[in-house]
Amino acid sequence: MSDVLEVALRLLAVLAAFLVLPLLVGQAEHKAMAHMQGRLGPMYAGGFHGWAQLIADGVKFAQKEDIVPAGADRRVFQLAPAVALLPYLVVLIVLPVGPNGFVGQVVDAGLFFVLAVMGVGVLGSLMAGWASANKFSLLGGLRTAAQLMAYELPMLLAAASVAMAAGTLSLPLIVEEFEWWWLPWQAVGGLVFFTAGLAELQRPPFDMPVADSEIIFGAYTEYTGLRFALFLLAEYAGIVVLCLLTTVLFLGGWHGPWSDSLGWLWTLLKGTALAFVVIWLRTSYPRLREDQLQRFAWTVLIPLALAQIALTGVVRVVAQ
Amino acid sequence: MSDDAPRSEPSGTASGRRLPGRGLAKGLAVTLRTMTRRSVTDQYPDALPELPPRSRGVIGLFEENCTVCMLCARECPDWCIYIDSHKETVPATTPGGRERSRNVLDRFAIDFALCMYCGICIEVCPFDALFWSPEFEYAEEDILDLTHERDRLREWMWTVPVPPALDPAGEEPKEVAAARKAAERPDPPEQPGTEPGRPGGRGPRREGEA
Amino acid sequence: MGATHHVAADYFDGYSVVGLVAVVGVLFVAVAFGAGQLLRPTAPTPEKLLTYECGVDPVGEDWAHTQIRYYVYAFLYVIFAIDAIYLFPWATVFAADGFGGTTLVEMFVFIGFLAVGLLYAWKKGVLEWT
Amino acid sequence: MILTAEANGFLSPNGVEIVFLLVGVVTLGAAVITVTTRQLVHAALWLVVALGGLAVEYLLLTAEFIAWVQVLIYVGSVVVLLLFGLMLTRAPIGRSPDADSENRWVALAVALAAAATLVTVVADAFRSTWIDLDRSVQGSPEVTGESLFRHWVLPFEALSVLLLAALVGAITLSRRRGADDAPASPKQER
């Protein structure tokens, strides 16, 4: 019975993290972005510096009318947000936070599992883009697909490089194998992975699929209320997953001083720093054009990732 | 930074972009620097903005000065001023004098949903009946309520700031100068200096000035 | 903890928890949609249900032919993805005893072939969009 | 299927079998809808369900690596490729009767023949294979990698040549139209 209780607790913890961490990232984005632009950001909701802004947003979204356009494919339209959201929740359970089993569930092929499941989320955007019966949405969907196909590959290759270095696909074991000199060794792979991840989340500067100044909001143009909120939640949950994953794979996860007791804090700190970088890039860099985006993936990231794999393989075999 | 500074000197701008991603780094630096500075936002409803004296917020009507000459309504580029009036006869003040007719204002309204705040009506008004007021908080839920009728336009009048003091170094206003000149002169002699060659139309205007 | 060899019973335990998370997620979404149904108003009007095109009445169909040329990217991606997944089982064994250099070379040959393909695509101008 | 160890998890071996059957029914249903629906994009989406169900079946058979390859390659990229292609060429909302070839009976015969062959071959090949819950997972990436790079290196290398051929073929096919266009475009410029 205690087994059942423990599993229930883990599930609850994962669900809580899934609902809270994206909000924290979102609020941090509100504030950091505002200050980077010389503004203050939300200041009212909740009193102190508008800390409850996103909760207020959620309440607002829940009360808004849910509109399905007359020309839309009803079922697919309504189902799309769930498809976009759920993969990130499922992925969250295998991300190790601290040593000694501080993880939702250890999966032996964890890395492979994460990459496979994360790729499913894009189907939600595609469904939304197609089912909306809107030109902007369809364009957004097409761009989403094109972007996924360009950036999934460098992500896979860079992740494979870490798996080679550690000799395992289990995420906790990868962190356990980590040594400080992996940082320079896997630096290129880490950059490629993070960049490709950003592109897959459609975060600026890779936000062509939702480019608001040309195609409104891409695949999500027709969405209102709760379903729109779920798409937004998916985006921020994606940031959380990407940052934690990059931390675990390339930054050594819980490694740091007093990692036995404070390991989880290190993971979260590193992840937070990465999330800040995500926000920082958004405010600093203009959107890439579609052709630049594709060229960047195929002629920069993929060759770099292949080079990283070669480097990793040679070092690993020679070092033995 | 230190090692590419000397390099960029001789090579010049032809190979201006040395390091790939330098632009990105610069951009990141700019945003980070901005983040550490105080933000420039005013928290508007809490802290009212300091408006410059010539802010164009809303137009006030000083009804007593209005003669229903219709200039403002005619000059308005988007026809947002509505004026209704009727004529009234004023009985002669002196026995045997002529009766005079006078325009009486019935309605004066400005539709601020149409107004584009160009200020031409104020410029064009010969009788100083329209004024800019800096007040701007008159948003409405219904667009029809943005048509301010006479009473409301009059209320705005009390928010019109006093005109700024004249620049002490500046030139004297024309009317003041003319009045002073007239007062300094003991008695108006026949002006010898009325230049020849000027058409005769000048005389009466000068009288009017004085 | 053995690096590679877990018994299959643990395997089922692990994935049943993962499956439970998926169930929890589905429940969460279902509850959210159900609650939303109770909370939100429903007042559709024909204008509201119209396709959004920046306030102008929509013209034509939502969908139109697009250039098929971009499809080559999709092919490229699938082929390279198939390549990439072989890296993962390889990554777990190539440095183990009895593999080492030979296996490394084998993979390099494998990737080399595909790199030739990428170079070919590059030379053919497939990787240029304009 | 006989699973030899006693149950010490949340899913007893029996549970695994039950889940296997249920998922199988769902997968079969999704597959049937895929081929019978009149709406093209719906067919692609039902295909996702069928492929995902198949991935779960692999997972239940402890073929961990293949299961996630199924998700990564089929759900994550082949279906995206399909949807991308449909969106580029022909994906109106609603039914598209003009895409129906009307060869119902031929299709059914081919499907039945393929199914019969597969069932026979697979059942015959794995007739005496049991999942041993006390041994390591047979389909894990490590085990797959070991057997792949110990026994099946040559087919593996042949695969790369095959992929290269596919790549070159795809490019050539797509370029041919480009070559036809190429002489036409300078004329337009002139």
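**View 1. The interface of chain A and chain D in the predicted model.** In this predicted model, 34 residues of chain A are in contact with 25 residues of chain D, where contact means heavy atoms within 4.5 Å. About 2400 Å² is buried between chain A and chain D, and carbon and sulfur atoms give 84% of that area; buried area is the accessible area (1.4 Å probe) that two parts lose on being put together, summed over both. Of the area that chain A buries against chain D, A:F112, A:L123 and A:W130 supply 27%, more than any other three residues. Residues are numbered from 1 along each chain as its sequence is written, and chains are lettered from A and ligands numbered from 1 in the order in which they are written. Local features need pLDDT of at least 70 and side-chain atom pairs count only at pLDDT 80 or more, while totals for chains, interfaces and linings use all residues; side-chain values use heavy atoms, with hydrogens and water left out.

**View 2. Polar features and elements on the side of chain A that touches chain D.** Two residue pairs in polar contact, both at pLDDT 80 or more, are found across the interface of chain A and chain D. A polar contact is a pair of N or O atoms within 3.5 Å; within protein, one must be able to donate a hydrogen and the other to accept it, and residues adjacent in sequence count only if both atoms are side-chain atoms. Two or more residues on this side of chain A come from each of α1 (2-36), α4 (110-118), α5 (121-131) and α6 (135-166) of chain A. Helices (H or I, at least four residues) and strands (E, at least two) are DSSP runs, numbered from the N terminus. The largest share, eight residues, comes from α6(A). By class, the side of chain A that touches chain D has 27 nonpolar, three polar and four charged residues; Ala, Val, Leu, Ile, Met, Phe, Trp, Tyr, Cys and Pro count as nonpolar, Asp, Glu, Lys and Arg as charged, and the others, Gly among them, as polar.

**View 3. The interface of chain A and chain C.** Here 68 residues from chain A and 62 residues from chain C take part in the contact. The area buried between chain A and chain C is about 5900 Å², with 78% given by carbon and sulfur atoms. On the side of chain A, the residues that lose the most area to chain C are A:E65, A:K135 and A:W298, together 11% of what that side buries. One salt bridge is found across the interface of chain A and chain C. The side chains of C:K48 and A:E65 meet in a salt bridge at 2.7 Å, N to O. Five residue pairs are in polar contact across the interface of chain A and chain C, both residues at pLDDT 80 or more. Among the elements of chain A that each supply at least two residues to this side are α2, α3 (74-92) and α11 (225-250). The most, 14 residues, comes from α13(A). The side of chain A that touches chain C divides into 45 nonpolar, 11 polar and 12 charged residues.

**View 4. The fold of chain C.** Chain C has three helices and zero strands, in the pattern α-α-α along the sequence. Of its 130 residues, 46% count as buried, a term for under 20% relative accessible area, with exposed over 50% and partly exposed in between (1.4 Å probe, protein chains only).

**View 5. The loop between α9 and α10 of chain A.** A cis peptide bond joins A:P204 and A:P205, with omega about 0 degrees. A:P205 is placed in the loop between α9 (187-200) and α10 (212-215) of chain A. A:Q202 lies in the loop between α9 and α10 of chain A and is buried, with a relative accessible area of 8%. Beyond its neighbours within four places in sequence, A:Q202 is in contact with residues including A:S125, A:T144 and A:Y220.

View 6. Most residues other than glycine have a negative phi. Phi of A:H49, however, is near 45 degrees, a positive value. A:H49 is found in the loop between α1 and α2 (53-63) of chain A and is partly exposed, with a relative accessible area of 38%. B:V68, not a glycine, has a positive phi of about 55 degrees. B:V68 lies in the loop between β1 (58-61) and α3 (71-75) of chain B and counts as buried at 6% relative accessibility.

Key. Salt bridge = Lys/Arg side-chain N within 4 Å of Asp/Glu carboxyl O.
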